[in-house]
Amino acid sequence: RYLMKTLLLVAGGRGGSDFFQGLLDGHSQILSLPQYTPIDNDFFQMINLKDSKKLAKNFIHLYPEFFNSRINKFERWNKLGKNKNSFFSVDKKKFIKNYTQLIQNQKKTEFNKIKCLHLAYSKAKGEDIKKKKLLFIHTHLVSWTKNFVKKINPPNTEIIHIIRHPLASLSSPIKNWLNFENGNSFFPKDLYFQLDLVFNGIYDLMLLRKVKIIQYENLHWNFKKTIGDFCKIYNIKYEKCLNKSTKNGLIWWGDVVSKKWLLGVNKNFKIIIDKKYFFAKDLIFFQFINSRIIKKYNYKKLFLDKKILVNILPLKCELLVWKNTLKHLFLGFRWKHFLSIPYFYFLRIICINAYMLPNKKLPYCIGSKIKKKR
């Protein structure tokens, strides 16, 4: 009955995936939840439940913030709306009733269960689910997306990967996570994750499904044309709700990590690299090994163009993360993170270098026919 295309959204490094999902919030033809759902063991245990009512209740247990946004203080869902004092709630009983009714006449495959959970949530919010044409699922991480595609095998599915300038995509998360809550969640494995995401993320996703790119910068500099291209590609209407990033209709101001209150599209958005987290040679190295991405998506080269095939010496960001790890070793006896330093250091040397550059055609970028202003 509900035949629709599925889009999986995968984030780049602080690339605005939640911002983009918020732009689609409330669209009459798009079916989505307020945020990503971790595709982890808890998720698959929930989806494998045979009892429909129990499955719906387990969904509420795993994601209570979807039904009472005040719970999610990290994303500032307790401070939504124009005056930063609003929140949303969704009726749990209606959601459970909707799900059990929707799934009863369908084959209980994992994908149908996921689709019906989205439909039940949308209906509980008062939306007309018969108008929905796109099932939009924010799988967020490359690893979670791999799990989702391989275990769920969703039909008629594409991936949208939102990126920003590769150097900014490294600078922003390193700066933000080292400074967020005294750096207590940013260690060698987390730094390697960011490096690998920028270097290999696109190529890893291309092994799963057809991929399209959205550039975070274009959501600011060429917003209407980029969103217009998105609507044209997926045959949906350009609706007024696309002009603001919201959560269940309420203005969203961004998460607490950036320590800023971000209101939607910013025509004056700039690519900023905080150089205090890198040596000069580090930035030149990162620029060179990402040169194909920079050229394909018309990013400017921000530093001297020079070939550095392998960077064997420690990066400045590595030294800072090692220092942060040592600090937390004494604060909380985190031996596991401390002992992982040499492993991720040598893994970076082996895997993040010019010799490991994939030779594949990069995906189409939504809005790429737009004439660049910068």
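This is a predicted model: local features need pLDDT of at least 70, side-chain atom pairs count only at pLDDT 80 or more; totals for chains, interfaces and linings use all residues.

Colleague: How many cavities of 30 Å³ or more does a search of the whole structure find?

Modeller: A cavity is a space where a probe fits but cannot get out. Searching the whole structure turns up 4 cavities of 30 Å³ or more. The largest cavity holds about 100 Å³ of space.

Colleague: Which elements give two or more residues to the lining of the largest cavity?

Modeller: They are β4 (157-163), α7 (166-179) and α8 (188-206). The most comes from α8, with 3 residues. The lining residues include G12, G13, H161, R164 and I293.

Colleague: What classes of residue does that lining have?

Modeller: The lining of the largest cavity has 6 nonpolar, 4 polar and 1 charged residues.

Colleague: Now the open case. How much space lies in the largest pocket?

Modeller: A pocket is an open set of points with protein on both sides. About 1,400 Å³ of space lies in the largest pocket here. It is lined by 50 residues, and the closest to its centre are R14, R164, S172, N176 and S258.

Colleague: Which element gives the most to the lining of the largest pocket?

Modeller: That is α7, with 7 residues. The elements giving two or more residues to this lining also include α1 (17-24), α6 (142-152), α8 and α9 (216-221).

Colleague: And what classes of residue line the largest pocket?

Modeller: By class, there are 22 nonpolar, 17 polar and 11 charged residues in the pocket lining. Note R164: it lines the largest cavity, and R164 is also among the residues closest to the centre of the largest pocket.

Note on methods. Residues are numbered from 1 along each chain as its sequence is written. Side-chain values use heavy atoms; hydrogens and water are left out. On a 1 Å grid over the protein atoms alone, a cavity is a set of points where a 1.4 Å probe fits but cannot get out, and a pocket is an open set with protein on both sides within 12 Å along at least five of seven lines; lining residues have an atom within 4 Å of a point. Grid points are joined across faces, edges and corners, and a volume is the space filled by probe spheres set on the points. Helices (H or I, at least four residues) and strands (E, at least two) are DSSP runs, numbered from the N terminus. Ala, Val, Leu, Ile, Met, Phe, Trp, Tyr, Cys and Pro count as nonpolar, Asp, Glu, Lys and Arg as charged, and the others, Gly among them, as polar.
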